[in-house]
Amino acid sequence: MISGTRTLFNWSLKSDAQAFSPHIVRLGFSGFMLLAILAAWADSLGGIAPGLNFFDWICRLNVLLISVSGISYFVSAVTEEKDSGSLALLRLAGVSPLAIILSKSTSRLISSLMLLLIQLPFTFLAITLGGITWQQIISSYLALAAWMCLVANVALFCSVRCRTSGRAATFASALLLAFFAAGPVLRQVATLSLPADVIQACRGLYEEQQLMSVVTRLDAILRGKVEVTFLSAQFWRNVTAGGGMFLLSLLLFNRYSDPTEMNPHGKSAKVRRFTVGRCWRLPLVWKDYLFFAGGSTIMLLKSILYVGVVLAFAWFHNLQSPGDARWLSSGLLQNAFFTVGGLLTVEMLLYASNTLFMEARQSSIAALRMLPYQTPVVLLQKVGACALALLPGVLILFLLFMYRSDVFTANDSLPQLAVLWLFFTLLSTHLTVLLSLYTKWAALPIAVVVSTVSTPCIGGAAAGLATVSAQAAALNGISWGMWFGVVVNLVWMWLFVLLPIELEIVNRWNRLSRDS
Amino acid sequence: MSPTYDSSTVPAISVSELTHSFKGHQALNQVSFAVMPQTLHGFVGPNGAGKTTTLKAICTLLKPNWGEVSVFGHSVRADPISVREKIGFMPDHFSMYRQMTVFEYLDFFAAAYGLNLGQRDKVIDDVLTLTDMDGRRNDLISGLSRGMQQRVSLARVLVHDPDLLLLDEPASGLDPRARIELMEILRALRAMGKTIFISSHILTELAELCDSVTIIDRGQIKFSGPMDALLDADDETPRFSLRLGQPPENAVELLQSVDGVVTAEQPEYGSPGEFDLELEAGRDSNLVLQSLIGLGIPILSFSQRRKQLNQAFMDLTTRGVRT
C-alpha cells in the first residue's frame, strides 16, 4: 500500500515539476515581485518605511490569493475525479484513499507552498528598503504557510464531502466567509447587554478566532505589537486544524466516494419529482437559470440569506439602541450595505468561474455553437441567466439604498468607491470567465489576483476621472456631472479594458467548439 | 432504391478542394466530393484520416484554410446561420445536460431553434415516437443507458426537422441490439426524405445501409461515388460461390474442367460442399451454370460474390497509423 501511495504521490509531484505552466506561473509571480519592489523603491523616495509598506502589501495579497485558492484550486482536488466519473476507476484499481488524497490534494498544497517559497528571496530585498527585519519576514511566511495548510485541508474536506465541484466551492466559500465574519460579529455581540455567560462565551470564541486568524497574526508581526516569534499560536492552531481536517477527510473518504451517477445500463430510471416548466423564449437563460443557478429554490434560499443578514444588523441596532424608531443606524446601514455587496461580489465571481467552464466540462460547447445564433448572443443569454440569479442580492442592495439614501449620498467617497467596486467586479468576472476556458481550477484565484493588482493602477485612474468630472461639473454648476463622469468611466473601461477580454472570450469559445 | 437526379439538382453537400492544416499538420488536402439529396452517404477512413475535420467544416464549426463547402447551396463560410438551420449534427461523444429530463432537453433545443409551444409539443412527440423513447420522456438523462442517450441525442438533432443529418460515429459504444435498432431508425429517416451523412467504422453495416460512400485516407479522397460502383470495381474476372449437395471427392478437378471456369477451390474455412469459382472475363455466367448442372451433381446455390466494403477499404487505404 505504501509503495502505491508513494508512487502516485511521486508521480503527481514529478508531473508538476515537469509541466511547463506551473513554472510559468512561478516565473510570473517572481516578475510581479520585482515590479512590486520597483514600486516600493519609487515610494521610498518620498515616504517612510517603504520596505514595511511593500511587504505588508505582499502579505495581504498572499492572504487573498490563498483564501481564493481555497474555494477554487484546492476545493476541486477530489470532486474533479467525481465530476469526471474517474474516482470509481481509481478505487477499482486498488488506489487507497490516502494515495488519492496525497496525490490530488497534498501535491497541490506543496506546489502552492512553492509559490510562497519563491517570493522569499525577493522579499528579503524589502529589508534594504527599510522598516522591516528578517525575523518579521520569516514569521510572516510561516504564518502564511500555516494558513495555506488550513485552507487547503478545509477545502479538501469540502471536496471529499460534496458530490460536485460546484457544491464543494459553495461549501468552502461559506466556511471561509463564516471564519472571517466570526471575528467582527463576535466582537459586536460581546459589547451588547446580554447574559454574562453568553458574553463570556462570545469573548472566548472571539479570542480563539483571533488566535487562529492569519490577518491578526500578520498585523501583530508587521505593526510590532508583539515580540516576533517564528512559531506562534496561530501557526500551531492552523497546522493542527489543517491536520485534523486531513484526517477527517481520510476517515470519511470511503463514505462519500460513491460515484454520483453509476447507471451504465439504465436499469433504474431516475424521474424528477417536480417539473421546471416549459422552456422560455430565451432558451439559454431558461437552461442556465434552472440548471446552473439552481432556479427558484436557490433564489428563495438566497433571498432568505440576504434578508437574514440585514435582519441580523437590525437586531444589533435594536440591542444597541432599544428605543430607536429606525431599523438601522447610519453606520450599521453602511455595514449591511457593504456586507451584502461583498456577498454579491462572491456570488458573481462563482457564477463567472463556472458558467462557461461547465459547458466545456460537459463537452456541450459544440452543440450550443450549432444553434442558429451568433456566439455573442449565446454568451449574452448566459450572462442574462446569471443576472437573473443575482436579483435577490441586487434587490436587497437597492432596498437598503432606498431606505435611507441620504446616508449614502452624504458620503463623498461613494462615487469613487462605486467606480472602484464596479471596475474590480467587472474586470475580475471578465477575467474569470476567460481564464475558466483555459484552466481547470485556477481561473478564480488568478483573476482575483490580477484584478487586485490592476485595480490600483487602472481603477485608480477611473476613480480619479470620476472625481475630476464631479469637480469640473460642480465648478460649472452642472448637478449631474458626477454621474456623467461615471458614465464616461464605464464607456472608457468597457472600450479599452473589457471589450478586448470579451472578444478573446468569443474567440476562445469558438476555438473550443471545434476542438471538442 | 436511391432516387435519380438530373444535372440541375443542388447537392445536399458539396465539398470542393477543401484544405486544412493544424500547426503544420496537413489534415485535409484538396478534398472534393458531393452528396446528393435524400441519400444515405457513408464517410469512411482510418483513424486520423480527416473525417471529423471534414465533418466539422461541413457543420460550420471549423473555418477551413482553403476550399469551399456548401450545404443545399448555402456556403458554410458566408452563411453559417442558414446552414445550421438545415443540418442536424450529432458528434461522436455525448454532450448532454444530464440533469435535465428527456422532455426538457428536447424542449430546450426546440425552443432554441425558434419553435413555438404548439410546434414544440408536436415535434417532441414525433421524434420521441420515431426513436422509440416515448415511454421515457420524463426520465432524467443521467438515468438512461448509453443506447438510450444515443437515441435522445438523435432525437435532439431532429427537433428542427433538418434536411441533412451529419452523424459522427453514431454506433460507437453501442451493443449489437442498439446498433441494429439505430440502423433501422436511419433507414426510416431516409424513407422520410432526409439526407444522411454518416461517418462510421462499422463497414458491414454501412455497406448494407448506404447508397453512396466516400473513402478518405491521410487527408485525401480515395473514392467517392455510389456503393455499387465501389463494390463492383475491378471485377473483370467475376467470382462466384457454389454450394453442392453431395460433392464427389474429385469435385475440384470436375469443376475446373467446366468450360469458362478459370479456377475452382475450396475456401479455407468453408463447409465441404462450398467452392469458390473464378470465371473467364466476359463469360456468360448462365452458360457456365448450365454446364455445371450438366455435371449431374446437385447444386444448392450459385451466386456472384461481390467485393466486400472491408476489402475495398483495405485496398484503398494505407496500412499504419498516420504520423
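This is a predicted model: local features need pLDDT of at least 70, side-chain atom pairs count only at pLDDT 80 or more; totals for chains, interfaces and linings use all residues.

Tutor: Start with helix α15 of chain A, residues 330-361. The helix has 32 residues and reaches 46 Å from its first C-alpha to its last. That is close to the 46 Å expected at 1.5 Å a residue.

Student: What follows α15(A)?

Tutor: Ser363(A) follows, and its phi is positive, near 55°. Most residues other than glycine have a negative phi.

Student: Where does Ile304(A) sit, and is it buried or exposed?

Tutor: Ile304(A) is in helix α14 of chain A, residues 295-320. It counts as exposed, because its relative accessibility is 52% and the exposed class begins over 50%.

Student: How far is Ile304(A) from Ser428(A)?

Tutor: In sequence, 124 residues. In space, 27 Å from C-alpha to C-alpha.

Student: Domains next. How is chain A divided?

Tutor: Domain 1 covers 1-259, domain 2 covers 280-411 and domain 3 covers 412-516. The C-alpha centres of domains 2 and 3 of chain A lie 19 Å apart. Their contact takes 22 residues from domain 2 and 24 residues from domain 3.

Student: And chain B, how is that divided?

Tutor: Into domain 1, 13-231, and domain 2, 239-305. Here 44 Å separate the two domain centres, taken over C-alpha atoms.

Student: Give me the overall numbers for chain B. What does the C-alpha trace span?

Tutor: About 75 × 45 × 40 Å along its principal axes. Chain B has eleven helices and 14 strands. Of its 323 residues, 50% are buried. Take the chain B contacts between residues at least 6 apart in sequence: 68% of them join residues at least 24 apart.

Student: Now the sheet in chain B. What is the strand order?

Tutor: β2-β1-β4-β5, four strands in an open sheet with antiparallel pairing. β2(B) and β5(B), residues 74-75, stand at the edges. Each has a single partner strand, so one side of each is left without a neighbour in the sheet.

Student: How many bridges join β1(B) to β2(B)?

Tutor: Seven, and the two strands run antiparallel. One of the pairs is Ile13(B) with Val35(B) in β2(B). The hairpin of these strands has two residues between them, and Lys23(B) takes a positive phi near 45° there.

Student: And how many join β1(B) to β4(B)?

Tutor: Five, again with the strands antiparallel. β1(B) covers residues 13-22. Ser16(B) stands opposite Glu68(B) in β4(B).

Student: Which strands does α1(B) lie across?

Tutor: β1, β2 and β4 of chain B. α1(B) runs at about 120° to β1(B).

Student: Back to backbone angles. What is the phi of Gln38(B)?

Tutor: Positive, about 60°, although Gln38(B) is not a glycine. Gln38(B) is in the loop between β2, 25-35, and β3, 40-44, of chain B. With a relative accessible area of 41%, Gln38(B) is partly exposed.

Student: What about the phi of Thr60(B)?

Tutor: About 75°, also positive, and Thr60(B) is not a glycine either. Its loop runs between α1, 51-58, and β4, 66-71, of chain B.

Student: Last topic, the cores. Which residues touch the most other members of the largest nonpolar core?

Tutor: Tyr105(B), Leu106(B), Phe108(B), Leu186(B) and Leu230(B). That core has 92 residues. Helix α3 of chain B, residues 102-112, gives the most to it, with nine residues.

Student: Leaving aside sequence neighbours within four places, what is Phe108(B) in contact with?

Tutor: From chain A, Cys279(A), Pro283(A), Leu284(A), Trp286(A), Lys287(A) and Leu368(A). From chain B, Tyr97(B) and Met100(B).

Student: How many residues are in the second core?

Tutor: 44, in a separate core. Among them are Leu120(A), Leu150(A), Ala155(A) and Leu349(A). In soluble globular proteins, nonpolar side chains tend to be buried together.

Technical notes. Residues are numbered from 1 along each chain as its sequence is written. Chains are lettered from A and ligands numbered from 1 in the order in which they are written. Side-chain values use heavy atoms; hydrogens and water are left out. Domain bounds come from an automatic or database domain assignment. A nonpolar core is a set of buried Ala, Val, Leu, Ile, Met, Phe, Trp, Tyr and Cys residues joined through side-chain atoms within 4.5 Å. Buried means under 20% relative accessible area, exposed over 50%, partly exposed in between (1.4 Å probe, protein chains only). Contact means heavy atoms within 4.5 Å. The expected span of a helix is 1.5 Å times one less than its number of residues. Two strands pair if DSSP finds at least two bridges between them. Axes are lines fitted to C-alpha atoms, for helices over the stretch in contact, and angles run from 0 to 180 degrees between N-to-C directions.
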